[in-house]
Amino acid sequence: MHNKFDVRICKCGRIHFIDNNLIDEALEQDKNLMLVCGGCGSVQLIGANRQTDWVDTGKTVFNMYTCDVQEEQQ
């Protein structure tokens with residue numbers, strides 16, 4: 001079963017629903033998806049690295065990651 005949305009909880013407590021089709025499209029193009037919270041303005045990058053599957057070495061899989069983007073302090 002494929003979920004329609006990915007759910008992310010922001011550090012400010014807001015709940016974000018991201019369409020999995022947007023994430024899949026970004027991954028297929030080897031790009032990151034940027035999530036900006038409309039409440040607090042925090043930014044997260046959602047992406048993945050392609051890797052060879054450990055079990056089936058003829059298959060490529062995605063190793064997903066999410067990271068916060070920090071603002072520069074001036």
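Let me start with Asp-30, which sits in the loop between helix H1 (20-28) and strand S3 (33-36), where helices (H or I, at least four residues) and strands (E, at least two) are DSSP runs numbered from the N terminus. Before I go on, please keep in mind that this is a predicted model, in which local features need pLDDT of at least 70 and side-chain atom pairs count only at pLDDT 80 or more, while totals for chains, interfaces and linings use all residues. Residues are numbered from 1 along each chain as its sequence is written, and side-chain values use heavy atoms, with hydrogens and water left out.

What is the phi of Asp-30? The angle is near 55°, a positive value in a residue other than glycine. As background, most residues other than glycine have a negative phi. Asp-30 counts as exposed, because its relative accessibility is 57%, and I use buried for under 20% relative accessible area, exposed for over 50%, and partly exposed for what lies in between, with a 1.4 Å probe and protein chains only.

Now to the salt bridges, each being a side-chain nitrogen of Lys or Arg within 4 Å of a carboxyl oxygen of Asp or Glu; by this rule the count comes to three. Arg-50 forms one of them with Asp-30, with 2.9 Å between the closest N and O atoms. Since Arg-50 lies in strand S4 and Asp-30 in the loop between H1 and S3, this pair ties together parts that are 20 residues apart in sequence. Through shared partners, salt bridges join Glu-28, Asp-30 and Arg-50 into one network. The side chains of Glu-28 and Arg-50 meet at 4.0 Å, N to O. Glu-28 lies in helix H1 and Arg-50 in strand S4, so here the parts tied together are 22 residues apart in sequence. Glu-28 counts as exposed at 53% relative accessibility, and Arg-50 as partly exposed at 41%.

The remaining bridge has the side chains of Arg-8 and Asp-6 meeting at 2.6 Å, N to O. Arg-8 counts as buried at 17% relative accessibility, whereas Asp-6 counts as partly exposed at 22%.

The largest pocket has a volume of about 230 Å³, a volume being the space filled by probe spheres set on the points. Its lining has 12 residues, of which Lys-11, Ser-42, Val-43, Val-69 and Gln-70 lie nearest the centre. Strand S4 (43-52) and strand S5 (60-69) are the elements that give two or more residues to that lining.

How many cavities of 30 Å³ or more does the structure hold? There is one, and the largest cavity has a volume of about 30 Å³. Cys-10, His-16, Leu-35, Cys-37, Ser-42 and Gln-44 line that cavity.

Finally, Ile-18 is found in strand S2 and is buried, with a relative accessible area of 7%. Ile-18 and Lys-4 are 14 residues apart in sequence and 8.5 Å apart in space, C-alpha to C-alpha.

How values were computed: 1 Å grid on protein atoms, 1.4 Å probe; cavity = no way out; pocket = protein on both sides within 12 Å on 5 of 7 lines; lining within 4 Å.
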